[in-house]
Every structure is written in C-alpha cells, then in structure tokens.
Amino acid sequence: MPTYACTKDELKPPSEGSLAKWENGKLVVPDNPIVVFIEGDGIGPEIMASARKVLDAAVEKAYGGKRRIVWWEMLAGEKAQQECGVLLPEATLEAIKMTRLGLKGPLTTPVGSGFRSLNVAIRMALDLYSNIRPVKWYGQPAPHKYADKVNFVVFRENTEDVYAGIEWPKDSEEAKKIIEFLKKEFGINLPLDSGIGIKPISEFKTKRHMRRAMEWAIRHGYNRVTIMHKGNIMKYTEGAFRQWAYEVALQEFRDYVVTEDELWSQYNGQIPEGKILVNDRIADNMLQQIITRPWDYQIIVTPNLNGDYISDEANALVGGIGMAAGMNLGDGIAVGEPVHGTAPKYAGKNVINPTAEILSGVLLVADFMGWSEVRPLVENAIRKAIENKIVTYDLARHMPGVEPVKTTEYTDALVDFIKNA
Ligand code: NAD
C-alpha cells in the first residue's frame with residue numbers, strides 16, 4: 001500500500017523526477033518533470049489510469065525514452081477524507097505549487113462539507129484564473145451538421161463574476177443590510193424578500209486573463225480572438241471586461257492585432273498572414289454564432305458565467321461530455337481537468353469514456369509544457385479508434401450496430417495506434 005502525504009512536512013517528491021521552473025515569465029520543463037495527479041472520485045480512478053497510460057505511450061513514442069513524465073499521486077476528495085481526514089489536504093495544494101503541473105479527475109463535493117465546491121477551492125487556492133476548454137470534432141457522432149467545422153477554444157475567467165460566491169439568501173441579515181443600504185444611499189428600492197448576489201469584474205483580473213488568451217493564440221497559431229460579453233446591458237462589469245480586453249490586445253499585442261474595422265478598411269476582409277483578428281460579440285449573439293458560423297471563431301474570451309454556458313453548448317455541438325477537455329491556468333502553473341463530473345452511476349464499471357481526461361492531459365503536456373509532438377499522436381489515435389468503431393457506450397449508442405468496448409479496451413486501442421503511428 002502506498003503511503004500518501006497529507007501535511008506539508010510529509011511531502012517527498014519522487015527522487016527520479018525534477019521540478020519544472022518558472023523563469024522570467026517562461027516555463028522551463030526538464031526531461032523528467034514531476035506531474036501531480038489526483039485520481040478524483042467516482043469514475044476518476046478509471047479515467048486517470050487511462051489518461052496516464054495513453055500520455056506515457058505518446059511521450060515514449062515522441063521522444064524514444066529521452067523524456068518521460070514522473071507521476072506523483074496526491075489526494076483530494078473521498079480518498080483524501082479516508083487517508084487524511086480532510087477533503088483537501090494542504091500537501092496536495094503545496095505539491096501542485098511546487099511542481100507547477102497537475103492533472104486531476106473529477107471530484108464530488110459531499111453536501112454539508114463546508115466547501116462550496118472542491119474544484120473551485122483548488123482553483124482559488126492556486127489562483128488558476130483562466131479555464132481553457134477546447135472544443136473539437138474527432139469524427140464522433142454529433143448532432144450538428146457543421147460539427148466538422150468546430151474547432152475553438154473557450155477561455156473562461158475562473159475567479160470572479162457571479163461565480164465568486166458573494167451572495168446571501170432572502171431574509172438573511174446581510175441581504176437585509178444591503179437592501180437597506182441601497183435604499184438609503186442610492187434611493188434604490190428592492191423587494192424586501194430578495195436574495196442578493198454580487199457580480200465583481202475587475203480590471204486586473206480581466207487583463208491577466210486576456211493576456212493568457214492572446215499568448216495562447218500566438219503560441220498555438222490561432223488567428224481569431226473574440227471577446228464575448230453582455231456589455232450592452234451590464235456596462236460596468238461585462239462592458240468593462242470588453243474594454244479592458246481590447247486594451248490588452250491593442251496596447252500589449254499591437255503588432256499582431258487587426259481589429260474588425262481594420263480588416264475591412266485595410267485588408268478587404270482577409271486576415272493577413274501572422275495577424276490575429278480581435279473582435280467582440282454580445283453573449284446572446286455569440287451563442288447562436290457558434291451554431292450558424294462555427295468557422296468564424298477560434299478563441300472565445302469571456303467572463304465566468306458566459307464561459308460556463310458557451311462551453312457546454314459548444315461541447316454539445318460536437319457530441320458530448322465524454323470528449324470535453326479542460327485545463328486551469330495561472331502564472332506558470334496549470335492543472336488539467338475534464339469538464340464532466342464523477343458520473344457516480346458508472347463508477348467502477350469499466351464503461352465510461354476516458355477521452356476528456358486524456359485530452360485534458362494533452363492540454364497540460366503538449367500545450368502547456370510544450371511537448372507538442374504528443375498532441376497529434378493522441379489526436380490521431382482517437383480519430384482512428386472512432387473510425388474503426390472502437391468506442392465506449394456514450395458514442396456507441398449513437399452509432400447504429402456498434403457494440404461498445406470497455407474503458408480499458410478503448411485505452412489499449414489508443415496505445416496500439418500510438419505505438420504503430
Ligand atoms: P457528470 O458529468 O458527472 O455526469 C452526467 C452524465 O454525463 C453521466 O450520468 C453520464 O451519462 C455522462 N458522463 C459524464 N462523464 C462521462 C464520461 N467520461 N463518459 C461517458 N459518459 C459520461 O455530472 P453530474 O451527474 O451532474 O455530477 C456528478 C458529480 O460530479 C457531482 O458531485 C458534481 O458536483 C461533480 N462534478 C465535478 C466536476 C469536476 O470535478 N470538475 C464537474 C462537474 C460535476
């Protein structure tokens with residue numbers, strides 16, 4: 001039985017690995033980086049086992065033993081409760097801070113635990129302020145006729161907006177005080193039985209988020225960045241988000257940027273080589289644009305709540321949650337994490353789709369760590385598995401006559417495709 005670190009003092013990084021470093025705003029990754037993994041609850045252990053196996057195979061194939069990931073298990077959720085007596089041990093947060101690299105499975109938040117959400121607690125504690133959700137089609141059955149044209153990345157701000165958790169129930173002392181204050185100070189009359197929520201959106205947090213999105217576009221060769229907001233109505237939160245995001249684009253990335261006006265006045269509607277079109281769309285329009293004209297969008301930068309809505313809609317276009325990857329990004333630190341939850345009714349049955357967890361790992365390893373050869377190897381293996389109808393139940397049920405395979409069989413098929421690539 002392995003022993004797990006619960007407190008900071010018990011932390012002992014694996015001796016065969018080295019730590020990634022953050023030097024002058026750049027991540028420096030050794031050939032044997034230590035990556036923290038958290039299995040998570042429910043289906044977590046199954047999808048994490050699959051993700052590690054596929055990532056290890058892809059790294060081995062790409063670098064022939066010159067590079068390898070040294071995995072370091074840390075606990076959160078039910079396993080942490082059993083081993084450490086708490087849901088989120090300090091050792092876990094400390095280990096991710098130390099290594100800068102993490103991959104996690106989904107976590108349940110037991111009702112009444114004192115945590116609003118464990119996932120949110122981890123993001124907040126590590127200041128993982130941008131949530132990245134790529135949406136892409138790999139040949140899976142999809143409800144949308146333009147699914148093959150969908151290839152965008154939702155950049156969702158992670159730490160503020162109505163998600164910051166500043167709210168009080170109807171009749172609470174706090175709600176009453178605020179209603180009273182608004183009446184007295186500003187002459188605003190709210191119904192006395194109102195629940196109150198506060199929506200903060202700050203310049204600093206918007207700007208750092210937009211910076212990451214612009215850097216992502218430049219680094220990964222995207223030529224469109226769209227700011228999604230509801231600034232026509234919420235002028236000083238969502239409208240300010242729009243303004244601050246444009247300021248970052250125009251003041252800090254001017255050499256790369258073409259605005260929508262410039263596109264038509266100077267470039268006849270064609271984005272010039274090496275430039276990025278930065279534009280904005282009002283949220284409700286954006287939600288329909290990704291259905292009617294998905295090819296016009298690549299990176300969508302948005303505050304928290306809009307980001308929640310659009311990433312689920314976008315994933316539905318290409319066929320569902322089992323394929324939906326994500327990563328939380330801060331300053332020189334990242335934690336990959338699928339969009340879906342713990343799917344408790346499928347736990348331990350060896351049936352669920354591990355692709356979302358695998359692709360979350362690809363975001364970390366290929367896109368954040370910069371081991372970019374890993375991405376095409378894994379993506380091609382996923383495409384081949386789907387082409388050959390080697391799919392788990394969630395995809396098989398939309399493919400007439402196709403029998404689903406087990407999670408482990410699908411994983412082995414991906415590993416074989418990678419080895420033989
Ligand atoms: P869920 O995503 O766990 O499951 C909803 C349904 O989606 C499942 O019943 C299943 O049909 C399908 N599904 C999800 N993942 C799948 C996969 N990999 N392969 C195939 N099908 C899959 O959402 P839920 O049931 O609302 O939440 C369950 C628990 O997960 C809750 O405790 C919730 O708080 C937690 N949760 C955690 C995270 C996270 O850790 N980031 C995210 C969402 C929900």
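This is a predicted model: local features need pLDDT of at least 70, side-chain atom pairs count only at pLDDT 80 or more; totals for chains, interfaces and linings use all residues.
Colleague: Which residue forms a salt bridge with E337?

Modeller: A salt bridge needs a side-chain nitrogen of Lys or Arg within 4 Å of a carboxyl oxygen of Asp or Glu, and the closest N and O atoms of E337 and R123 are 3.1 Å apart. The pair links distant parts of the chain, 214 residues apart, with E337 in the loop between strand 15 (334–336) and helix 11 (355–368) and R123 in helix 4 (residues 118–125). Such helices (H or I, at least four residues) and strands (E, at least two) are DSSP runs, numbered from the N terminus.

Colleague: Which residues do salt bridges that share partners join with D367 into one network?

Modeller: D367 forms a salt bridge with R375, their closest N and O atoms being 2.6 Å apart. Both D367 and R375 are buried. Through salt bridges that share partners, D367 is joined into one network with K136, R375, E379 and R383.

Colleague: How far is D41 from the nearest side chain of opposite charge?

Modeller: D41 lies in the loop between strand 3 (34–38) and helix 1 (44–63). Lys and Arg count as positive and Asp and Glu as negative, while His and the chain ends are not counted. D41 is buried yet has no salt bridge, and the nearest side chain of opposite charge, K104, is at a distance of 8.6 Å.

Colleague: To the backbone oxygen of which residue does the side chain of T99 reach?

Modeller: T99 is found in helix 3 (residues 90–99), and T99 is buried because its relative accessible area is 0%. A polar contact is a pair of N or O atoms within 3.5 Å; within protein, one must be able to donate a hydrogen and the other to accept it, and residues adjacent in sequence count only if both atoms are side-chain atoms. At 2.9 Å, the side chain of T99 reaches the backbone oxygen of A95.

How values were computed. Residues are numbered from 1 along each chain as its sequence is written. Side-chain values use heavy atoms; hydrogens and water are left out. Buried means under 20% relative accessible area, exposed over 50%, partly exposed in between (1.4 Å probe, protein chains only).
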